[in-house]
Structures are given as C-alpha cells and as structure tokens.
Amino acid sequence: MYVNLGNNKSVRRCDIVAIFDLDSSTVSVHTRNFLSRAQAHGRVKALGYELPKSFVVMRDETVYLSPFNSSTISGHTEYVK
C-alpha cells in the first residue's frame, strides 16, 4: 500500500519509520538536532513550497517535510479491512 505525503509524492507504507507533527516535536532539542544532521547530510526533502506541518522519517533515512498534518498521514497508513 502507498501513502500520499503531499505534492504527488507517494511512498510505500512499509518504508515509513515514523510520522511527526512538526510543531510539537521540534520543541525537543533531540528532534532539532536530528533534523539538523539530516539536513546537513542532504536527506531532508521538502514536498512543495507550503509551510510544512509534519515530517516523515523513512527506512532509508530520508526525511520528507509534508504539508499534510501528521494525523492525516497516519490515518492513511491504517490497514483497510
């Protein structure tokens, strides 16, 4: 199953490690350090020009900055029965 992260970018659900709300998670110094290191290594990819609302960490260590809320992305990762 694929999950749309915004701006026509879809990824395989099984490749997603974590989904974070950008506003609440960047309060932590650890999260800010993680994002700074990812940016320094060229692993951060912005999806569009809008202010990002969440970020998604992938198995290959890519970090996508998404214009979607983390709850919207999380809702799309649930199994459909």
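**Close-up views of the predicted model**

**View A. Surroundings of S66.** Leaving aside its neighbours within four places in sequence, S66 touches L5, L47, P52, K53, S54 and I73, where contact means heavy atoms within 4.5 Å. This is a predicted model, in which local features need pLDDT of at least 70 and side-chain atom pairs count only at pLDDT 80 or more, while totals for chains, interfaces and linings use all residues. Residues are numbered from 1 along each chain as its sequence is written, and side-chain values use heavy atoms, with hydrogens and water left out. S66 is part of strand β6; helices (H or I, at least four residues) and strands (E, at least two) are DSSP runs, numbered from the N terminus. With a relative accessible area of 0%, S66 is buried; the word stands for under 20%, exposed for over 50% and partly exposed for values in between, using a 1.4 Å probe and protein chains only. The S66 side chain also reaches the backbone oxygen of L5 at 2.4 Å.

**View B. The largest nonpolar core.** Nine residues form this core, namely V3, L5, V11, I16, L47, V56, M58, Y64 and I73. A nonpolar core is a set of buried Ala, Val, Leu, Ile, Met, Phe, Trp, Tyr and Cys residues joined through side-chain atoms within 4.5 Å. At least two residues of this core come from β1 (2–6), and at least two from β5 (54–58). Another core, of 8 residues, lies apart from it and includes L22, A38, V63 and L65.

**View C. Y64 and its partners.** Residues up to four places away in sequence not being counted, Y64 is in contact with L5, K9, V11, K45, L47, S54, F55, V56 and M58. One of these, V56, stands opposite Y64 in β6.

**View D. The four-stranded sheet.** The order of strands in this open sheet of 4 is β3-β5-β6-β4, and the pairing is mixed. The edges are taken by β3 (16–21) and β4 (44–46), each with a single partner strand, so one side of each has no neighbour in the sheet. On average, neighbouring strands of this sheet are turned by 20 degrees against each other, direction ignored. Strands of a sheet pair through backbone hydrogen bonds, either parallel or antiparallel. Antiparallel pairing joins β5 to β6 (residues 63–66) over 4 bridges; two strands pair if DSSP finds at least two bridges between them. Helix α2 (residues 29–40) lies across β4, β5 and β6 and runs at about 65 degrees to β5. Axes are lines fitted to C-alpha atoms, for helices over the stretch in contact, and angles run from 0 to 180 degrees between N-to-C directions.

**View E. Two loop residues with positive phi.** N8, in the loop between β1 and β2 (9–12), has phi near 60 degrees, a positive value in a residue other than glycine. N8 counts as exposed, at 79% relative accessibility. E61 sits in the loop between β5 and β6, and phi of E61 is near 75 degrees, again positive in a residue other than glycine. At 47% relative accessibility, E61 is partly exposed.

**View F. The whole chain for orientation.** Along the sequence the pattern is β-β-β-α-α-β-β-β-α. The radius of gyration is 12 Å, close to the 12 Å that the globule rule gives for 81 residues, so the protein is as compact as a globular protein of that length. This radius is taken over C-alpha atoms, and the rule is 2.2 Å times the number of residues to the power 0.38. Buried residues make up 33% of the 81 residues.

Note on methods
Polar contact = N/O pair within 3.5 Å; in protein donor to acceptor, adjacent residues only side chain to side chain.
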